[in-house]
Amino acid sequence: MAAVATAAVTVAFGFALTTQIRSTAEPQDEVVGREEDLVVILDEINQREETLRQQLGETRQTVEDLSSGRQESGAALEEARSRAEAIGILAGTLPAGGPGLRLTVQDPDGAVPPSVILGAIQELRGAGAEALEVDGVRIVVSSAVTGTPGDLRIDGQPLSAPYEFRAIGPPAAMEVALNVSGGVVADIGRVGGEARVEQVDSLVVDAVVD
């Protein structure tokens, strides 16, 4: 497995992540307003995910055509394979490996809210994470962080403290993003949790989605 070669593929909407969050601990009027916004956001997310899957299907067909000899070009075949791999990693259907960062969140009191998990995901993505999983759940465009402190879920799958994040991408940049003043690490400490950030030379994100 290899890390994504970003120069090998340009996805129309890039690897931007819009993740939903719903928390029953919030005031009702805020929840209602957020739910209305999420309807629009979710439609956009679904469209983006469908586009990504279509691109993956088209690229796989190109690889098959090239491999079968209907089109003869070693360079074109290699490019198509690289593109298929990159899109597959973006879609979460393929594992990824390379340098990255491991974030472990201790939550002894069950007090870490969904917003903190969401914030960590967003900061890692914004700092260049190419592939990300949390407690063995692959994070993709349509991933949803839900639940309440002590009962957190991602895409319906329960999380268990300590929460472990694995992110493939630039380790130093991601660590800086998590440790900014008033950022994710500070938020975790504020609710009684503890964060341990570790840069890793070789890391594997092997959780995939169907």
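## Overall make-up

The protein chain has an accessible surface of about 10,300 Å², and 48% of this surface belongs to carbon and sulfur atoms. The model is a predicted one. Of the 210 residues of the protein chain, 43% count as buried. Among the contacts in the protein chain with a separation of 6 or more, 79% are between residues 24 or more positions apart.

The protein chain contains 5 helices and 9 strands. Read from the N terminus, its elements follow the order β-α-α-β-α-β-β-β-β-β-β-α-α-β.

## The sheet

An open sheet is formed by 5 strands in the order E4-E3-E8-E2-E9, with antiparallel pairing. Strand E4 (137-138) and strand E9 (194-205) are at the edges; each has a single partner strand, so one side of each has no neighbour in the sheet.

Strand E2 covers residues 96-106 and runs antiparallel to E9, to which 10 bridges join it. On its other pairing, E2 is joined to E8 by 6 bridges, and these two strands also run antiparallel. Of the 11 residues of E2, 9 are buried, so the strand is largely enclosed by the rest of the structure.

The table lists residues of the protein chain that stand opposite each other in these pairings.

| Residue | Opposite residue | Strand of the opposite residue |
|---|---|---|
| Arg102 | Arg166 | E8 |
| Thr104 | Arg196 | E9 |
| Val105 | Ala195 | E9 |

As background to such pairings, side chains in a regular strand alternate between the two faces of the sheet.

## Helices on the sheet

Two helices are described here in relation to the strands. Helix H3 (residues 114-126) lies across E2, strand E3 (131-134) and strand E8 (163-168), and runs at about 15° to E8. Helix H4 (residues 171-178) lies across E2, E8 and E9, and its direction makes an angle of about 25° with E2.

The crossing in which H3 passes H4 is right-handed. Where the helices meet, H3 contributes Ala120, Glu123 and Leu124, and H4 contributes Met174, Ala177 and Leu178.

## A loop residue beside the sheet strands

Which loop holds Asp135? Asp135 is found in the loop between E3 and E4. With a relative accessibility of 26%, Asp135 counts as partly exposed, because the buried class is limited to values under 20% and the exposed class to values over 50%.

Apart from its neighbours within four places in sequence, Asp135 is in contact with Leu159, Ser160, Pro162, Tyr163 and Glu164. Asp135 and Ala207 are 72 residues apart along the chain, and their C-alpha atoms are separated by 9.3 Å.

Key
Residues numbered from 1 in each chain as written. Predicted model: local features only at pLDDT ≥ 70, side-chain atom pairs only at ≥ 80, totals over all residues. Heavy atoms only, no water. Pairing = 2+ DSSP bridges. Helix = DSSP H or I, 4+ residues; strand = E, 2+ residues; numbered from the N terminus. Contact = heavy atoms within 4.5 Å. Axes fitted to C-alpha atoms, helices over the stretch in contact; angles between N-to-C directions. Buried < 20%, exposed > 50% of the residue type's maximum accessible area, 1.4 Å probe, protein only. Areas by Shrake-Rupley, 256 points an atom, 1.4 Å probe, with all protein chains shown as cover. Left-handed = near helix turned anticlockwise from the far one by under 90°.
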